[in-house]
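Hi,

Here is the structure I promised to pass on. My notes follow below it.

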Amino acid sequence: MDKSHDLQAAVQGLHLARSLADTLQIVADGVVTGLGYELACVNLARPDGDLVVASLAGNSAAEALLTGRVGSRASWDRRLSMGEHWGDLVFIPHSEGWVLDDDDVPQWHTEGPAPRFEDEWHPSDRLFAPMYARSASGASHGELIGVISVDHPLTRRRPRPDERRDLEEYAFQAAIAISNARLRTNMQRALVRLDREQQTLRASEESFRQAFEYAPTGMAIAELGGDRNGRILRTNDALCRMLGRPASAMRRYAFSDLVHPEDIGTLLHTSAEGGRAELRLGRRDGTYLWVSMRNSVVADEAEGPRFLLTHVEDIEERKQREFDLAHRASHDALTGLPNSAELHARIDARLCALREHGSDAAEGADDPYLDHAYPATTPHTHVRAPVGDADTHGLAVLFFALRDFKAINTRFGHDAGDGVLVEVARRLGEAVRDDDTVARYGGDEFVVLADGLDPAGAHTAAVWMQDRIHLPIPLGDQTVRMHAGVGIAWAQCGTAPGDILRAARGFSS
């Protein structure tokens, strides 16, 4: 499986826990299930500064032995200042880590033979991913929340640069998840204490006002039921700052007036009691902010449910990182173009299994693409290939295969070869229309999806793009010319995307 898919799934899992304990265990589990390590340990910073083993994954014996044990902050500071620093990560090789064997940090490792090659993982190697709180002062790091220790990579090698970046990114997201879990826990504890301390109506109103007004995240009270159901009655300063709207203006709206049009269904399907949704709310400047909304009902003993208390948390940064991870999974890292998986998905999104009225049900019974057929109630215009020289239009698949590209790598080096691929991608991107798709299909292969072309138009477009590829490409003090074979196929309903692409590739040979 693509590693970026694993990282994306692990990061998304961090924000599903309902308690701090669950979050800590999910952090450890995510390293093992998503990042390719056999053992992970989460060391959580306590108020006194020392770090306690809060969760482990991958080894039940280690979990039984180490959970709850404490290591001093001085010992941890020593560890985090040693070894090699890979960005925020700290790697201490076995040749240096032996000095730590007898300190007070709880640890689980075994002896082993000397590495057989330079980057082989040794059982006594140590790799730490510190987790820091976001700093309000703008410093690169805030308070140390904890440290993730990992061991036994499945590759049996020291992590590659991309694997290090994945672990660093995961630690950043884990820090956010743990901070949010702590905030929720503290809020829940505060609400419990508030409930227990309520003796008179005046005291309870004042206590709630303090918690509401000075909460670090957005809070709102909305009317529940009646003609003004959902209308916002009161907001705190944090929500007003978040949306750039004064409290007096907020009272003119319901959340349904502020939500992004694409998210109105999410809002309406969110349960009023204990409901949660991630959606976009409109700022005063016309932009939208990703937030997490949690609702709870405020009831009156005599009249029942009266108000809806809404907690609004800014998750814009997390959402953008999730989008970035999704983009990395579907786009080529070198050229930035959609990759082969994304190309298949875009073709598949246009096609159906072509189950038309009156067709033989047995026909195509073994076709795996029947599962993708559009329901009868879904409007869909079948994609068909132009027939002969008729003046009909379709979805053209133009397949470009660079000739003698390996010679570029051999003669000029792989960096020059990468530069050629980037330049070819740029030229194709400039040669197509706004609605066309340019994708990198393989090492030296590119595909263009162009809708609304007839056969003559597809041929003209292919020749024009060939000519653009053939223009000189500067490499240092020399220039090269790339030639590309081109094949043209037509996407049509009832045909698998893989078959269409193989046909186009065959014509380019």
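**Cysteines first**

The sulfur of Cys 493 has its closest cysteine sulfur in Cys 352, and at 3.7 Å that is too far for a bond. A disulfide here is a pair of cysteine sulfur atoms within 2.5 Å, and the structure holds zero of them. Cys 493 counts as buried because its relative accessibility is 5%; Cys 41, at 10%, is buried too. (Buried is under 20% relative accessible area, exposed over 50%, partly exposed in between, with a 1.4 Å probe and protein chains only.)

Before you go on: this is a predicted model, where local features need pLDDT of at least 70 and side-chain atom pairs pLDDT 80 or more, while totals for chains, interfaces and linings use all residues. Residues are numbered from 1 along each chain as its sequence is written, and side-chain values use heavy atoms, leaving out hydrogens and water.

Strand 13 (residues 394–402) and strand 15 (residues 445–453) are joined by seven bridges, and Leu 398 stands opposite Val 448 in strand 15.

Last, helix 2 (residues 20–34): its 15 residues should span 21 Å at 1.5 Å a residue, and the end C-alpha atoms are 20 Å apart, which agrees. That expected span is 1.5 Å times one less than the number of residues. Gly 36 follows helix 2 with a positive phi, near 85°.

Cheers

How values were computed
Helix = DSSP H or I, 4+ residues; strand = E, 2+ residues; numbered from the N terminus. Pairing = 2+ DSSP bridges.
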